[in-house]
Amino acid sequence: MEAGVAPWEAWVRSTWLAEFVLTYGWTWPLFEILHYLGLTLLLASVGLFDLRVLGMAKGIAPRALHRLVPFGIAGFVINLLTGLAFFAGFPEQYAYNDAFRLKLAFMLLAGLNIAVFYTAVFRRLQELPAEADAPTLAKVITGISLTSWLIVLVAGRLITFYRPPFSH
């Protein structure tokens, strides 16, 4: 084991995924493209829905925009898989990075917020016709969602600028 490398880092670096990411030069750029595609799917579908609930594009019923959610889920899965590959390739650049930690914290908040959304307001929103105003609780929840995902986006971009001051 390299000096200064934590046991968990050594384990991550020994995985087939780390070897794959580091061996093939095309892997990182391809996964970056996929990561941005996933991000686009996620933010477009969730963002449009959240903005509608918050009062924009009232001519569209929330139920119609909710049909886009499977695209957002697909985008999240793409991002999760490519993000794991990035982490496997350079675990020390992520685990000790405050921007990465912020990103994870807001992903967790967004996930908890989704659970609250589906248990507290989803059914009422499904029945909401076009032009109708969403309930205040739904607006608060979707405002938290939109804010959380935007912070995830910004924090993800900041990861490259706030790298830990050391490298193994």
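Which residues of helix α2 (residues 16-23) are buried? They are L17, A18 and V21, where buried means under 20% relative accessible area, exposed means over 50%, and partly exposed lies in between, with a 1.4 Å probe and protein chains only. Helices here are DSSP runs of H or I with at least four residues, numbered from the N terminus. The model is a predicted one, in which local features need pLDDT of at least 70 and side-chain atom pairs count only at pLDDT 80 or more, while totals for chains, interfaces and linings use all residues. Residues are numbered from 1 along each chain as its sequence is written, and side-chain values use heavy atoms, with hydrogens and water left out.

An α-helix has 3.6 residues a turn, so residues three or four places apart point the same way. The buried residues of α2 fall within an arc of 100° when seen down the helix axis, so they line one face of the helix; the arc is taken from the directions from the axis to the C-beta atoms. On the other side of α2, W16, E19 and T23 are exposed. The cover over the buried residues of α2 includes α1 (7-13), α3 (27-53) and α5 (69-89), contact being heavy atoms within 4.5 Å.

N79 lies in helix α5 and is buried, with a relative accessible area of 12%; leaving aside neighbours within four places in sequence, N79 is in contact with L34, H35, G38 and L39. S45 belongs to helix α3 and counts as buried at 3% relative accessibility. The side chain of S45 reaches the backbone nitrogen of G72 at 3.2 Å, and, not counting residues up to four places away in sequence, S45 touches L68, V69, F71 and G72.

Charged side chains come last. A salt bridge is a side-chain nitrogen of Lys or Arg within 4 Å of a carboxyl oxygen of Asp or Glu, and the count by this rule comes to four. One of them joins R13 to E92, with the closest N and O atoms 3.0 Å apart; this pair links distant parts of the chain, since R13 is in helix α1 and E92 in helix α6 (residues 91-95), 79 residues apart. R13 is partly exposed at 28% relative accessibility, whereas E92 is buried at 4%. Salt bridges also link K58, D133 and K139 in a network: the closest N and O atoms are 3.3 Å apart between K58 and D133, and 2.9 Å apart between D133 and K139.

Methods: Helices (H or I, at least four residues) and strands (E, at least two) are DSSP runs, numbered from the N terminus. A polar contact is a pair of N or O atoms within 3.5 Å; within protein, one must be able to donate a hydrogen and the other to accept it, and residues adjacent in sequence count only if both atoms are side-chain atoms.
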